[in-house]
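Please open the model in a viewer and keep the selection tool at hand. The tour moves from one selection to the next.

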Amino acid sequence: MNRSSALLGCIADDFTGATDLASMLVRGGMRTVQTNGVPTSGDAVEADALVVALKSRTIPAADAIAQSLAALEWLKAQGCRQFFFKYCSTFDSTVDGNIGPVTEALMKALGTDFTIACPAFPENGRTVYRGYLFVGDALLNESGMEKHPLTPMTDPNLVRVLASQSTVKTGLLRYDALAKGADAARAAIQALRTDGVRIAIADAISNDDLRTLGRAFADAPLLTGGSGLALGLPENFRAAGLLDDGSEASQLPDVGGRDVVLAGSSSRASNAQVAHWCAKRPAMRIDPLALAAGEAVVDQALEFFAQHDETVLLYATATPDVLHQVQQQLGVERASQLVESALADIARRLAASGVRRFVVAGGETSGAVVQALAVSRLRIGAPIDPGVPWTVGESQYGNVALALKSGNFGGEDFFTRALTLQH
C-alpha cells in the first residue's frame with residue numbers, strides 16, 4: 001500500500017516480550033520491525049507496526065517512565081496512529097511499579113483519560129476473570145510466579161495490584177459486558193469513566209474476548225496489556241482501509257551458517273526444555289559459581305562447541321534448589337549478570353566464527369545476546385510457538401537468525417522444533 005508511515009507503535013518492557021508482541025502482529029498480517037532500545041536515527045522505518053524493546057521492567061520507576069516516553073516520541077515521529085504498552089502476561093513488576101507509573105505517564109503524554117490493562121494470553125494459559133489472573137488452572141500466586149527472584153507475584157487480584165502502584169482510580173471491565181460484544185463493552189467503559197476510573201483491568205478468557213476488546217478500543221490512543229491483546233488490532237486497520245491482506249508479512253530472508261542454543265532462563269518451561277534436549281543431544285552447563293571463581297568457562301564452552309558437528313546447547317538453566325543456592329552465595333543481581341555476560345560473550349565469539357542461527361531462552365539473556373551481536377532492528381517472521389517467532393536482524397557479522405524465547409514460553413521440544421523450522 002502507498003503509505004509512508006507505520007500504523008501501530010508499541011513499547012515493550014523487555015526484549016522477548018517485544019518479540020512475542022511483534023509475532024502476534026505479524027500473525028495478523030502486519031509487517032513488523034522491532035528495535036533494540038530507542039533508535040537514535042530519525043530515518044523512517046518501512047513497516048506497518050513498530051515495536052521498541054526496552055529493558056524497563058525492573059529498573060526504578062522514574063527511569064522506566066523516561067525510557068518509555070522517549071520511545072513514544074520516536075514512535076510518534078514515525079507517524080504511528082495508535083500506541084500499545086506491552087508487559088508480561090503474568091503482570092509481574094516490582095513493588096513500586098512499573099506498569100502503573102508508565103501507563104499513567106503515557107496517558108498524560110497522549111492526552112487520554114482512560115485505558116485498559118489486559119495481560120490475558122489464553123493460548124499460553126493466561127486468562128483474567130473477575131480481575132483475577134490465572135496461569136493455566138492456577139491463580140497467579142500459586143503458579144510459581146510467587147517465587148520469581150526479581151518480580152514475585154503474591155496477589156492474583158490485578159485490580160488490587162494495579163491500584164497499589166497507581167495514583168489514579170482503577171477498576172474492572174467485567175466479563176459480563178465483554179461477553180455481549182464490543183458495543184456492550186464500550187457502554188461499560190463509559191460507565192467506568194463516569195465513575196472516575198482511569199485504568200481498568202479487562203477480563204478475557206478466550207481469543208474472541210481479545211478481539212472484542214480490540215474492536216471496542218479501535219479508536220483509543222493507548223492500550224496496555226500482554227501480547228494477546230494485540231490479536232484484535234490488525235483487523236481494525238484493515239477495516240479502515242489502511243492495511244492489505246498481510247500475505248507477505250511473515251516472509252524472512254534465508255540465513256546460512258551453523259546453529260547454537262543458548263539458555264539463561266531458570267523458569268519451569270526452560271528447565272523442561274533443557275531436560276528434553278539433554279536426554280538426546282550434546283549440552284554443557286554454564287556454572288555461575290565457576291564464573292565467579294574466575295574459571296575459563298567461556299573458553300570451555302567454545303571448545304565444547306567446536307568438538308561437535310551437531311547443534312549444541314549451552315545453558316545456565318538450573319532447578320529452583322540449585323538456583324537458590326547460587327543466589328545465596330552470589331546474590332540475585334550478580335548471579336544474573338555473570339550468566340548474561342558469559343552467554344553474550346559466547347554468542348559474540350560464535351558469531352565471529354560463522355554461527356548465524358541462535359535459539360535463545362530467557363528475556364534477559366535474549367536482550368544480552370542481541371546487544372552483544374549489535375543488532376539494532378529485527379524483522380519478525382512466522383511463530384514457532386505462540387508468541388515466539390523466528391526473526392532476522394542485521395548484525396556486525398552479517399544477517400543472523402534469532403529465535404528469542406521468554407523463559408516461560410514454549411513446549412518441552414521447543415529447541416528442536418525451532419531448529420527444524422529454520423532449516
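Contact here means heavy atoms within 4.5 Å. This is a predicted model, in which local features need pLDDT of at least 70, side-chain atom pairs count only at pLDDT 80 or more, and totals for chains, interfaces and linings use all residues. Residues are numbered from 1 along each chain as its sequence is written, and side-chain values use heavy atoms, with hydrogens and water left out.

Select leucine 213 to begin. Not counting residues up to four places away in sequence, its contacts are Ile116, Cys118, Leu173, Leu178, Ala202, Asp203, Ala204 and Leu229.

Of its 143 residues, Phe91, Leu213, Ile346, Phe358 and Phe415 touch the most other members. Select helix α13, residues 332-352, which gives the most to this core, with nine residues. Helices are DSSP runs of H or I with at least four residues, strands are E runs with at least two, and both are numbered from the N terminus.

Now select strands β6 (residues 126-129) and β7, which pair in the antiparallel sense over four bridges; pairing requires at least two DSSP bridges. Valine 128 has leucine 133 of β7 as its bridge partner. Two residues lie between these strands in the hairpin, where arginine 130 takes a positive phi near 55°.

Terms used. Core = buried A, V, L, I, M, F, W, Y, C linked by side-chain atoms within 4.5 Å. Buried < 20%, exposed > 50% of the residue type's maximum accessible area, 1.4 Å probe, protein only.
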